[in-house]
There are 2 protein chains.
Amino acid sequence: MAELENKVQDLSLKEKEVEKKDVPLGPDGKPLSKKALKKLEKEREKEKKRKEREAREAAERAQREANEVDYAKDFYGVLPLNNSSKREGKVYTNISDISAAKDGEKVLIRARVYTSRLQGNKMCFFALRQKFSTVQGLVVVNKETISKQMVKFCGSIPLETIILVEGIVKKSPELIKSTTVQDVEIQISSVFVVSSVKKQLPFLVEDAARSEQQIKASEESAKEGDSKFVRVLLDTRLDNRVLDLRTPTNQAIFQIQAGICRAFRDYLLNSKFTEIHTPKMTGASSEGGSNVFSIKYFNSTGYLSQSPQLYKQMLIAADFDRVFEIGPVFRAEESNTYRHMTEFTGLDLEMAFDEHYHEVMGFIENLFLHIFRVLKTEYSEQVAIVRRQYPSEDFLIPDQAPLRFHFKEAIALLKGAGYRQQLEPGKEIPKEDEFRYVKDPDFEDLSTPEERVLGAIIREKHNTDFYVIDKYPASARPFYTMPDPEDPRYSNSYDFFMKGQEIMSGAQRIHDPELLVERMNALGVDPNGLKDYIDAFRLGCVPHAGGGIGLERVLMFYLNLPNIRLASAFPRDPKRLLP
Amino acid sequence: MAELENKVQDLSLKEKEVEKKDVPLGPDGKPLSKKALKKLEKEREKEKKRKEREAREAAERAQREANEVDYAKDFYGVLPLNNSSKREGKVYTNISDISAAKDGEKVLIRARVYTSRLQGNKMCFFALRQKFSTVQGLVVVNKETISKQMVKFCGSIPLETIILVEGIVKKSPELIKSTTVQDVEIQISSVFVVSSVKKQLPFLVEDAARSEQQIKASEESAKEGDSKFVRVLLDTRLDNRVLDLRTPTNQAIFQIQAGICRAFRDYLLNSKFTEIHTPKMTGASSEGGSNVFSIKYFNSTGYLSQSPQLYKQMLIAADFDRVFEIGPVFRAEESNTYRHMTEFTGLDLEMAFDEHYHEVMGFIENLFLHIFRVLKTEYSEQVAIVRRQYPSEDFLIPDQAPLRFHFKEAIALLKGAGYRQQLEPGKEIPKEDEFRYVKDPDFEDLSTPEERVLGAIIREKHNTDFYVIDKYPASARPFYTMPDPEDPRYSNSYDFFMKGQEIMSGAQRIHDPELLVERMNALGVDPNGLKDYIDAFRLGCVPHAGGGIGLERVLMFYLNLPNIRLASAFPRDPKRLLP
């Protein structure tokens with residue numbers, strides 16, 4: 001009130017100043033006549049009264065508005081920092097649990113402001129978001145509890161702010177298409193900011209959640225000067241990964257990632273496997289080669305594990321019988337492609353068998369079928385959400401046992417399609433056909449383009465996206481791979497494929513120390529660096545086989561993600577160690 | 001047969017050589033008389049005939065033995081290397097599945113030779129081992145299928161060899177005390193070596209499985225020159241970890257380790273937690289300090305993650321709500337103690353809460369109770385096996401809700417027991433009482449000896465090995481810990497204890513960027529190195545709390561293992577990067 005009165009006085013003061021400065025002259029520039037002067041005086045008096053009335057009215061309006069603030073002021077605002085100073089036991093509701101079944105119920109929801117829209121000065125619409133669930137919230141002026149000020153406050157809350165709203169669930173007369181909860185909205189009665197956004201958003205979560213198709217369509221239909229959807233580029237996403245991970249797509253992707261781990265583990269635990277944790281820092285670089293990161297280990301040098309291969313085999317030699325590990329795997333490959341990372345999550349298993357490594361191969365086939373079934377039955381909602389941004393076809397699983405192809409059969413299929421032709425010196429080959437020619441058509445390892453072609457042929461012919469190629473050439477596999485007993489140019493090894501892309505490599509391992517050393521020497525691996533490993537077999541070891549699955553690869557191929565970095569929460573590549 | 005004949009000829013040849021060399025002299029050194037010579041000639045003739053007869057008999061015996069080999073030769077021997085050349089579908093039996101219920105059944109068992117004993121030349125006893133199960137096997141000469149040669153062969157098989165035996169399960173008239181299967185033995189009909197031991201055993205698995213108590217008792221009762229049990233020292237074990245891990249104790253320890261992970265995960269997955277995988281290579285050293293390993297990352301430098309702390313919090317800021325991770329944690333601490341390793345397995349969780357961090361503290365209490373219950377009900381066999389080597393008392397769990405102590409209460413308990421006395425300059429304190437005195441009795445962090453004393457007091461008073469201390473002094477906790485709202489000298493942080501030893505540290509975290517930077521500055525942590533982390537909170541974040549559990553510590557304390565290295569398959573310390 002004091003402030004308001006000051007304002008009114010202020011206005012009168014200015015009025016007086018005008019009077020003093022005023023030296024009344026007529027249109028001809030000369031002082032006015034008495035009559036004219038009187039008339040002017042009258043007009044001034046009238047004007048003054050009008051202004052006084054206006055000021056009074058403004059004061060009264062301000063007074064009214066101040067009163068209006070009062071009536072809603074307990075229902076909105078910014079909460080103090082939660083440092084656990086009280087515990088009232090209020091129950092929060094999850095957006096995913098809200099539906100028409102809750103019509104009329106009072107709910108308390110803590111959520112992000114996904115979108116907001118002020119309609120006039122009496123109404124504010126929110127889309128409130130939790131993970132991949134959204135619901136519409138509505139704040140409407142009324143005479144008792146919701147003031148225009150409150151609505152204005154709601155409209156000014158920045159996107160991504162976390163708010164705590166109370167309201168009543170109300171059936172919506174028509175479906176709300178913009179949110180995941182479509183049959184009801186929340187009639188909000190209070191709005192409090194729990195955590196503010198204190199930084200310019202580098203992009204909107206809504207923009208980051210749009211499909212390339214939607215963006216392209218907006219570009220094609222837009223006329224000059226029209227606004228088009230913003231494209232959030234990969235590096236921008238990864239530089240601001242915390243914001244990017246909030247998209248419904250990413251929330252779904254990482255629930256599916258966790259689902260793959262869960263299905264993998266459940267199957268193995270039910271099959272008497274023991275979970276192990278092998279060291280990631282080692283004194284010897286496991287599989288040799290240059291793809292190893294070195295660590296300063298006090299006064300010496302260590303290496304980061306390139307896979308748990310040697311350790312899981314040593315645990316087989318230690319009678320663990322069936323082991324698995326989910327853990328990080330490090331590869332110092334300077335490859336900047338859509339499918340390479342320097343750190344990824346390995347799902348590794350190793351298993352003793354009785355007579356034949358096909359026991360293990362068959363076991364792993366069933367393991368994958370279990371994973372695919374779990375994804376299909378328990379993660380269909382998440383898969384559907386991802387498909388809105390990254391469309392993909394249903395993943396085809398064979399009805400019967402998975403298909404297996406001998407490496408020779410795979411080569412025959414490729415030859416039949418015009419691939420794996422003999423490269424001859426001097427022969428001219430058009431650039432676009434280059435990958436159809438190889439030096440050694442029967443024994444060269446499959447290239448990535450060949451794997452894809454093969455995937456397409458097999459899908460077409462056998463209606464499956466999942467199959468196994470057995471008996472890879474010995475020359476294409478690591479030193480610890482058991483040679484094929486019938487033809488030592490091949491080996492007891494297999495790759496598993498999803499949609500023509502390799503997701504798991506495995507084999508029977510050599511459990512005899514002499515043969516192992518022989519193979520190491522043949523392939524130029526120094527046995528001295530792997531003494532503990534070889535010694536494990538000198539202490540006696542059962543025949544065994546296993547494999548290593550790249551978690552992010554399975555996720556990427558299953559969901560048809562365009563880049564493996566999208567399958568990792570905080571991906572690492574030669575150029576990225578942050579965030 | 002040809003070989004045998006050669007042998008007989010050989011013997012006659014040697015006989016002739018002896019004759020030639022012989023220049024007969026009498027006891028006086030002079031040539032013998034004719035009579036004496038004739039006598040000698042006769043004796044020689046006699047001797048020759050005797051030797052010929054012996055040779056003939058030896059040949060006949062060898063012939064008989066060769067025939068005996070024949071009748072048993074299909075029932076023993078060394079199998080060729082299993083390179084999966086055939087698959088017969090034979091069914092192997094697990095020793096743990098064998099009992100009197102299988103009396104009379106034929107079984108095929110692949111197992112290690114744990115002990116073996118030849119009795120005369122007609123009988124051989126085996127203890128066959130699989131993980132922590134053992135059964136007695138018996139090979140007895142008969143006239144049709146088991147020859148003395150076969151028994152001899154059995155007796156010559158080195159310990160730890162993997163053999164495949166076929167036999168009949170037979171009820172034993174009396175309990176066999178030396179094996180885990182006590183009511184039956186296997187009457188073996190065939191024995192084949194699957195995998196040989198090709199190295200001198202550095203120690204016997206049996207010796208490595210003995211308790212310190214047994215060894216001491218043998219030392220005390222032994223008279224001079226008597227054999228005592230061999231003590232296998234820790235470094236010998238760890239240098240030959242594959243062999244050491246074969247002890248029943250270790251087989252049990254690592255099943256329990258896997259059980260802790262399973263119980264931890266099951267509880268969290270059932271509580272809507274998402275499993276995450278955060279990077280272990282980072283561009284910024286997470287919690288500062290010197291305890292970080294550096295990596296050569298292409299042309300720059302990276303660091304190994306000291307904990308998933310910052311990443312799990314960033315995922316809370318990314319709306320993941322409830323996350324957990326099981327993964328390696330790296331600490332470059334040059335501590336060579338029984339309870340430090342440079343790499344261990346972290347069981348980490350982080351969780352948004354509604355109103356108060358005690359929601360999270362209570363949740364974690366229940367998580368631990370779940371883990372303890374699973375260990376008690378599902379791993380009692382394994383725990384009993386470990387106790388044979390490392391005795392321990394039952395772990396006491398509170399009947400009701402776990403006990404919680406304010407840090408002040410813990411200090412009061414210590415003071416009551418004569419600890420936490422004021423250290424005053426100049427005051428002389430006897431060496432043995434030094435740890436009763438501290439500079440700041442009310443706010444100094446608990447030392448390890450104090451924690452143990454406290455554990456004993458609480459066990460004595462409240463009959464529990466599991467409890468929580470809440471509200472640690474702010475000065476004793478990392479920069480990201482939320483101060484206590486009532487007294488900023490304390491903080492919203494807690495430690496969980498087992499038998500007086502800390503197994504988990506946790507707290508409410510600061511989710512406000514300004515307060516976070518303020519605390520960083522106060523504690524001398526450079527905010528520039530943690531920009532992505534601080535930015536996560538600038539994008540808005542819910543209040544949250546969590547904790548990190550050391551898997552090996554829980555295992556060690558639960559089982560009363562004397563050294564943390566025994567709780568890790570391949571432990572790492574400042575001096576050990578191998579095997």
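B:P579 lies in the segment after helix 16 (551-559) of chain B, and a cis peptide bond joins B:L578 to B:P579. This is a predicted model, in which local features need pLDDT of at least 70, side-chain atom pairs count only at pLDDT 80 or more, and totals for chains, interfaces and linings use all residues. Residues are numbered from 1 along each chain as its sequence is written, chains are lettered from A and ligands numbered from 1 in the order in which they are written, and side-chain values use heavy atoms, with hydrogens and water left out. Helices (H or I, at least four residues) and strands (E, at least two) are DSSP runs, numbered from the N terminus.

**Cis peptide bonds**

- In chain B, the bond between B:L578 and B:P579 has an omega of about -5 degrees.
- A cis peptide bond also joins A:L578 and A:P579, with omega about -10 degrees.
- A:P579 is in the segment after helix 16 (551-559) of chain A.

**Positive phi at non-glycine residues**

- A:K499 is not a glycine, yet has a positive phi of about 50 degrees.
- The loop holding A:K499 runs between strand 17 (493-498) and strand 18 (501-508) of chain A.
- With a relative accessible area of 25%, A:K499 is partly exposed (buried is under 20%, exposed over 50%, partly exposed in between, using a 1.4 Å probe and protein chains only).
- B:K272, also not a glycine, has a positive phi of about 65 degrees.
- B:K272 sits in the loop between helix 8 (248-270) and strand 7 (274-275) of chain B.
- B:K272 is exposed, at a relative accessible area of 64%.
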